[in-house]
Amino acid sequence: MNTVVNWTASLLALGMMLAGASRSYEVSPSQDDLPKVRGDCQSCHPKEARDWAESRHAAAWESETFAQTSRNRSLRMCLPCHAPEPILVKGFGEHPDLRAEERTHGIDCISCHQDANGAYHGTLGTKTDAHATVKNEKFGTVDMCATCHEIFGTVDWYKQSEWGKDPNGCVNCHMPVVERPIATGEGLPPRKARIHKFEGATPEMFQKGVKMEVAPRDGQLQIKMESVYVGHTVPTGPEYVVVIVEAQFLKGEQELAKRQTLLADNVAIDGSDTRLKPGERRVIRHPIPEGAEQVRVRVLHKRNRDLPDDKARVLYESTTAL
Ligand code: HEC
Ligand code: HEC
Ligand code: HEC
Ligand code: HEC
Ligand code: HEC
């Protein structure tokens with residue numbers, strides 16, 4: 001059942017509430033260190049705002065690699081999902097329209113939470129004087145995330161994975177639950193809140209999702225990878241996004257050889273798809289060069305395959321004696 005507080009949140013109403021007598025919220029005293037977001041949500045939801053500011057959703061428009069691949073944001077078809085109008089207006093599953101204002105905020109609070117009446121959707125069923133809320137059981141489901149993430153096959157892979165039947169699978173892995181008050185103010189109870197960092201390709205997430213084992217065997221180096229906790233391929237996303245598994249053979253500080261294995265969606269290029277599938281175990285083997293004393297194995301993540309290696313994010317690194 002939807003509960004709609006029956007007035008529309010407008011700036012005027014908000015101004016009146018702030019000036020008014022009874023209020024159950026409180027604007028936090030020092031806000032200098034808070035990210036400014038459209039709708040000033042940070043003034044009452046500082047934790048969500050801080051976490052979101054670290055997320056890739058916040059970076060979706062300003063992202064250098066997005067600028068590179070979209071011809072400096074001039075390809076119109078590329079823009080809507082990276083700076084969308086609220087997705088609740090067209091509805092989950094419909095590609096959003098590009099918004100006119102504050103595009104640098106990328107996918108912000110309003111993009112996900114606000115509906116056509118200016119009310120904010122969630123699943124908690126809270127009521128507040130601060131703004132209208134709507135309890136929406138579909139909020140935070142795979143269908144919501146699929147609105148933008150479905151075009152790269154992430155959702156198809158998800159549905160075939162062992163988590164695929166969970167309607168909240170994406171948020172259960174990407175928005176961990178914490179019990180805490182969800183807004184500033186006296187006497188607000190702790191609630192089931194979700195961390196808004198949307199961690200994806202980070203070392204912590206990768207190492208939780210993919211078990212790595214490096215060992216020499218019969219004159220060869222074996223790198224074993226097992227996808228144990230990823231509900232889609234590694235990597236996932238547009239074909240620009242690649243992962244490289246690198247083995248650097250060393251004698252002291254001297255590099256004797258470097259071998260790289262690409263995990264990428266190359267279907268459009270040569271028909272191959274070398275991404276690691278959910279649940280897959282893979283062994284990468286390399287001959288060990290004469291005289292090698294140790295091997296440094298790294299997993300590199302690039303948001304644009306054209307980036308040089310030193311601009312890649314290191315998701316994993318280990319050094320093994322040979
Ligand atoms: C003036 C303070 C204030 C501002 C500004 C504010 N909120 Fe809220 N919001 C609250 C309070 C208070 C609650 C309810 C807290 C509770 O009952 O635990 C709430 C609840 C919510 C909920 C939970 C809905 C549910 O029941 O599941 C969402 C989502 C939300 N706000 C989003 C936003 C967004 C997005 C913005 C900015 C566009 C925003 N809020 C701005 C005070 C504010
Ligand atoms: C990509 C979409 C997305 C963006 C962007 C986003 N949220 Fe959320 N938000 C969610 C989801 C999903 C939930 C959890 C719904 C559930 O399962 O209860 C949520 C929950 C909340 C809640 C309820 C309490 C909690 O923390 O779970 C508040 C308040 C909230 N968001 C505020 C914000 C604010 C403020 C911003 C911007 C700084 C923001 N959200 C940005 C998707 C988003
Ligand atoms: C309005 C479109 C849109 C919606 C809705 C959306 N996302 Fe995203 N998401 C994006 C875009 C675009 C990026 C890439 C941002 C960038 O890096 O430029 C992204 C990035 C991410 C990342 C980080 C990837 C990385 O590189 O680390 C995660 C995790 C993620 N989204 C999870 C979710 C989840 C979970 C939901 C549903 C609650 C969701 N998204 C809803 C558009 C969306
Ligand atoms: C069982 C846990 C799990 C589930 C379910 C899951 N993910 Fe992930 N996801 C991960 C892990 C772990 C990573 C980090 C490894 C990686 O980079 O692929 C990740 C990475 C990502 C990334 C960054 C990918 C990249 O390579 O740059 C995005 C975007 C993402 N997930 C979106 C989603 C969406 C959307 C859903 C729901 C359809 C979802 N995830 C379901 C665990 C999960
Ligand atoms: C339907 C929504 C949608 C459209 C349209 C879209 N993207 Fe994205 N984009 C996403 C999502 C979702 C992600 C996050 C995927 C992931 O990491 O798994 C993303 C991630 C990216 C990334 C990697 C993250 C980053 O910031 O570097 C690049 C590059 C990118 N998109 C470029 C483009 C280009 C170029 C176009 C047009 C050809 C485009 N996108 C059109 C939704 C979209």
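## Ligand shells, domains and a sheet

Helices α3 (56-59), α6 (109-113), α7 (142-149) and α9 each contribute at least two residues to the shell around ligand 3, where helices are DSSP runs of H or I with at least four residues, strands are runs of E with at least two, and both are numbered from the N terminus. The model is predicted, and for that reason local features need pLDDT of at least 70 and side-chain atom pairs count only at pLDDT 80 or more, whereas totals for chains, interfaces and linings use all residues. Residues are numbered from 1 along each chain as its sequence is written, while chains are lettered from A and ligands numbered from 1 in the order in which they are written.

The shell around ligand 3 holds 26 residues, and the closest are Arg 56, Cys 145, Cys 148, Cys 170 and Gly 200; a residue is taken as near a molecule or strand if its C-beta atom, placed from the backbone, lies within 6 Å of it. With five residues, α7 gives the most to this shell around ligand 3. Ligand 2 is surrounded by 24 residues, of which Cys 41, Cys 109, Cys 112, Gly 140 and Ala 193 are the closest. Two or more residues of the shell around ligand 2 come from each of α2 (46-53), α6 and β4 (191-194), and α6 gives the most, with four residues.

The table sets out the residue classes, with Ala, Val, Leu, Ile, Met, Phe, Trp, Tyr, Cys and Pro counted as nonpolar, Asp, Glu, Lys and Arg as charged, and the others, Gly among them, as polar.

| Shell | Nonpolar | Polar | Charged |
|---|---|---|---|
| Ligand 3 | 16 residues | nine residues | one residue |

The protein is divided into domain 1 (11-194) and domain 2 (203-321), with bounds that come from an automatic or database domain assignment. The C-alpha centres of domain 1 and domain 2 are 33 Å apart. Their contact takes 12 residues from domain 1 and 11 residues from domain 2, two residues being in contact if their C-beta atoms, placed from the backbone, lie within 7 Å. On the side of domain 1 that touches domain 2, α4 (64-69), α8 (154-160) and α9 (169-174) each supply at least two residues, and the residues of that side divide into five nonpolar, six polar and one charged.

Helix α9 includes Asn 172, which is partly exposed because 15 other C-beta atoms lie within 10 Å; the classes are buried for 20 or more such atoms within 10 Å, exposed for 12 or fewer, and partly exposed in between, with C-beta atoms placed from the backbone. Arg 76, in the loop between α4 and α5 (87-90), counts as exposed because it has 9 C-beta neighbours inside 10 Å. Buried residues make up 30% of the 322 residues in the protein.

Four strands form an open sheet in the order β8-β7-β12-β13, with antiparallel pairing. Because β8 (254-263) and β13 (313-321) stand at the edges, each with a single partner strand, one side of each is left without a neighbour in the sheet. From one strand to the next the twist averages 15°, where axes are lines fitted to C-alpha atoms, for helices over the stretch in contact, and angles run from 0 to 180 degrees between N-to-C directions. Strand β12 (residues 294-302) is joined to β13 by eight bridges, pairing being assigned if DSSP finds at least two bridges between two strands. The bridge partner of His 301 in β13 is Arg 313.
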